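Subject: A structure for you to look at

Hello,

Here is the structure I promised to pass on to you. Have a look at it first, and then read my notes below.

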Amino acid sequence: MDSPPSRKEITHDRIVATAARAIRRGGFQVVGVADIMKEAGLTHGGFYAHFSSRNALLAEALERAGRDSAARVSQHTAARQVRGASALRAMVEGYLSDRHLGKIESGCPLAALASEMPRQSPEVREVSAQRVRGLVAAVQRALPKDARADSGPAIASQMVGALQLARALGDNAEGRALLKASRQALLAQYDRQPSV
């Protein structure tokens with residue numbers, strides 16, 4: 001039986017969860033240690049009891065954001081599959097959904113942060129690369145066994161790019177239309193199963 005988390009572990013988790021929301025909401029550059037600690041209801045001085053640097057916090061926050069997002073995608077995909085959708089259809093429809101369009105703070109960190117990732121510290125770039133690999137692998141697993149090996153990276157790229165462009169247009173009819181067109185194009189090209 002696991003022991004309950006310590007007060008320090010609970011506080012650490014609260015800081016990471018706050019930073020994970022903040023980086024998706026405003027980007028890496030706007031995440032300041034003092035602001036994160038204040039939003040988490042803590043004093044700035046306690047930061048270094050939990051992290052060696054701001055970059056260590058950003059790397060952990062990105063990992064947390066990616067893990068949380070992947071879990072949500074997996075849950076939504078499983079629920080759609082229960083209703084008869086193929087794994088790929090379920091993933092594409094969930095990722096390119098109208099709901100995901102407006103959920104920047106809790107959505108996919110790749111769509112929120114991809115353009116900033118190459119300019120971060122090596123430790124944050126490594127976590128970024130892991131998140132990209134994770135999404136590509138998830139898409140590849142959703143494909144039929146006989147799918148081309150390059151289909152996973154192509155689909156993942158199109159999904160992230162479509163969500164970024166739709167968000168640039170806004171959570172409105174134009175943004176939703178772009179998502180719908182992207183869903184339809186991806187599914188017409190890669191999904192052999194008719195919609196349910």
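Contact here means heavy atoms within 4.5 Å. Helices are DSSP runs (H or I, at least four residues), numbered from the N terminus. By class, this contact of α4 with α8 has eight nonpolar, no polar and no charged residues. Ala, Val, Leu, Ile, Met, Phe, Trp, Tyr, Cys and Pro count as nonpolar, Asp, Glu, Lys and Arg as charged, and the others, Gly among them, as polar.

Before going on, please keep in mind that this is a predicted model, in which local features need pLDDT of at least 70 and side-chain atom pairs count only at pLDDT 80 or more, while totals for chains, interfaces and linings use all residues. Residues are numbered from 1 along each chain as its sequence is written, and side-chain values use heavy atoms, with hydrogens and water left out.

How do α4 and α8 lie against each other? Two packed helices are described by the angle between their axes and the distance between the axes. The axes of α4 and α8 (residues 151–169) come within 10 Å and cross at roughly 20°. Axes are lines fitted to C-alpha atoms, for helices over the stretch in contact, and angles run from 0 to 180 degrees between N-to-C directions. The two helices are therefore roughly parallel to each other. For the wording, angles under 35 degrees count as roughly parallel, over 145 as roughly antiparallel, 65 to 115 as roughly perpendicular and the rest as oblique.

Helix α4 (residues 87–95) also packs with α9 (residues 173–190), at an angle of about 165° and with the axes 10 Å apart. That makes α4 roughly antiparallel to α9. On the α4 side the contact is made by L88, R89, V92 and E93, and on the α9 side by R183, L186, L187 and Y190. By class, these are five nonpolar, no polar and three charged residues.

Next comes α3. The 29 residues of this helix (residues 54–82) should span 42 Å at 1.5 Å a residue, and the end C-alpha atoms are 42 Å apart, which agrees. The expected span is 1.5 Å times one less than the number of residues. Just after α3, G84 takes a positive phi of about 105°.

The axes of α3 and α4 come within 8 Å and cross at roughly 125°, and the pair is therefore oblique. V73, T77, R80 and Q81 of α3 make the contact with A87, A90, M91, E93, G94 and Y95 of α4. These residues divide into five nonpolar, three polar and two charged.

Which residues of α3 are buried? Among them are A56, L57, L58, S69, T77 and R80. Buried means under 20% relative accessible area, exposed over 50%, and partly exposed in between (1.4 Å probe, protein chains only). What covers the buried residues of α3 includes α1, α2, α4, α6 and α7.

S69 has a relative accessible area of 7% and, leaving aside neighbours within four places in sequence, is in contact with G107, C108 and P109. T77 has a relative accessible area of 8% and, with the neighbours within four places set aside in the same way, is in contact with A87, A90 and M91.

Enjoy exploring!

Best wishes
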